Structure formats: C-alpha cells, structure tokens
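This report goes through one chain, from its overall form to single residues. Please keep the sequence and the model in view while reading.

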Amino acid sequence: MAIFTFLHSWNLYLEPIVFLSSPEKFTLPQALTQFVDAYGGPMWNVQLAAASMTALPVLVVFVLAQKQFVEGLAHTGLKG
C-alpha cells in the first residue's frame, strides 16, 4: 500500500493546480510543463531529460520494495 500511495502522490497533477499558486511549490509533473521556449512552445529535449530524471526516484523505490510488490501481486489470485 505504501508503494501505491507514494506513486499516487508523486504523480499528482490536477490537485496541486487547484491548491498551489506559486511556481516554486509546483510538483514535478507540473514543473515539467514550465519548460517552454521564447514562443511558448515546448522544449522537448529539456522536458524529456527532466522526465527521465523524475522517473529515477520511482525506480529506486520499486527496486527497494520489489520483493513486497511481487509478493503482493502473487497473493492476489490465491484463495484461502
């Protein structure tokens, strides 16, 4: 449950838009949308590099908790 809670809070996008007003407090998914060029178009190279960097903590959590995650999935189909 802790893994799913972490992933849910890590990937929040719409809720912080409602509650936060300053860009300094934006979550990472919101901050990724702020990388734009002078004409307002997305800077794809910077956005993709930043998205790769934001995926690293999720991968670390998965590697550390992989045993519990796999055991939880294995027990979902068992009866008794």
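Among contacts in the chain between residues at least 6 apart in sequence, what percentage join residues at least 24 apart? The share is 28%. The model is a predicted one.

## Overall form

The chain has 5 helices and 0 strands, and its pattern along the sequence is α-α-α-α-α. Its radius of gyration is 17 Å, well over the 12 Å that the globule rule gives for 80 residues, so the chain is more spread out than a compact globule.

The C-alpha trace spans about 60 × 30 × 20 Å along its principal axes. Of the 80 residues in the chain, 14% are buried.

## Helix 1 against helix 4

Helix 1 covers residues 2-10, and helix 4 covers residues 44-64. The axes of helix 1 and helix 4 come within 11 Å and cross at roughly 175°. An angle over 145 degrees counts as roughly antiparallel, and therefore helix 1 is roughly antiparallel to helix 4.

On the helix 1 side the contact is made by F6, L7 and W10, and on the helix 4 side by T54, P57, V58 and V61. By class, these residues are 6 nonpolar, 1 polar and no charged.

## T54 in helix 4

T54 belongs to helix 4. Its relative accessible area is 17%, so T54 is buried, the cut-off for buried being under 20%.

Leaving aside residues up to four places away in sequence, T54 touches W10, L28 and L32.

## Helix 4 against helix 5

Helix 5 runs over residues 66-74. The axes of helix 4 and helix 5 come within 4 Å, with a crossing angle of roughly 70°. Since angles of 65 to 115 degrees count as roughly perpendicular, helix 4 is roughly perpendicular to helix 5.

Which residues meet here, in helix 4 and in helix 5? F62, V63 and L64 come from helix 4, and Q66, Q68 and F69 from helix 5. This contact of helix 4 with helix 5 has 4 nonpolar, 2 polar and no charged residues.

T33 sits in the loop between helix 3 (28-32) and helix 4. Is T33 buried or partly exposed? Its relative accessibility is 38%, so T33 counts as partly exposed.

A polar atom of the T33 side chain lies 2.6 Å from the backbone oxygen of Q30. Not counting residues up to four places away in sequence, T33 touches Y13 and Q47. T33 and Q47 are 14 residues apart along the chain, and 7.6 Å separates their C-alpha atoms.

## G77 after helix 5

G77 is located in the segment after helix 5. With a relative accessible area of 69%, G77 is exposed, because the cut-off for exposed is over 50%.

How far apart are the C-alpha atoms of G77 and A50? The separation is 37 Å, for two residues 27 apart along the chain.

## Points to check in the model

- Helix 1 and helix 4 are roughly antiparallel.
- Helix 4 and helix 5 are roughly perpendicular.
- T54 is buried, T33 is partly exposed, and G77 is exposed.

How values were computed: Residues are numbered from 1 along each chain as its sequence is written. Side-chain values use heavy atoms; hydrogens and water are left out. Axes are lines fitted to C-alpha atoms, for helices over the stretch in contact, and angles run from 0 to 180 degrees between N-to-C directions. Helices (H or I, at least four residues) and strands (E, at least two) are DSSP runs, numbered from the N terminus. Angles under 35 degrees count as roughly parallel, over 145 as roughly antiparallel, 65 to 115 as roughly perpendicular and the rest as oblique. Contact means heavy atoms within 4.5 Å. Ala, Val, Leu, Ile, Met, Phe, Trp, Tyr, Cys and Pro count as nonpolar, Asp, Glu, Lys and Arg as charged, and the others, Gly among them, as polar. Buried means under 20% relative accessible area, exposed over 50%, partly exposed in between (1.4 Å probe, protein chains only). A polar contact is a pair of N or O atoms within 3.5 Å; within protein, one must be able to donate a hydrogen and the other to accept it, and residues adjacent in sequence count only if both atoms are side-chain atoms. The radius of gyration is taken over C-alpha atoms; the globule rule is 2.2 Å times the number of residues to the power 0.38.
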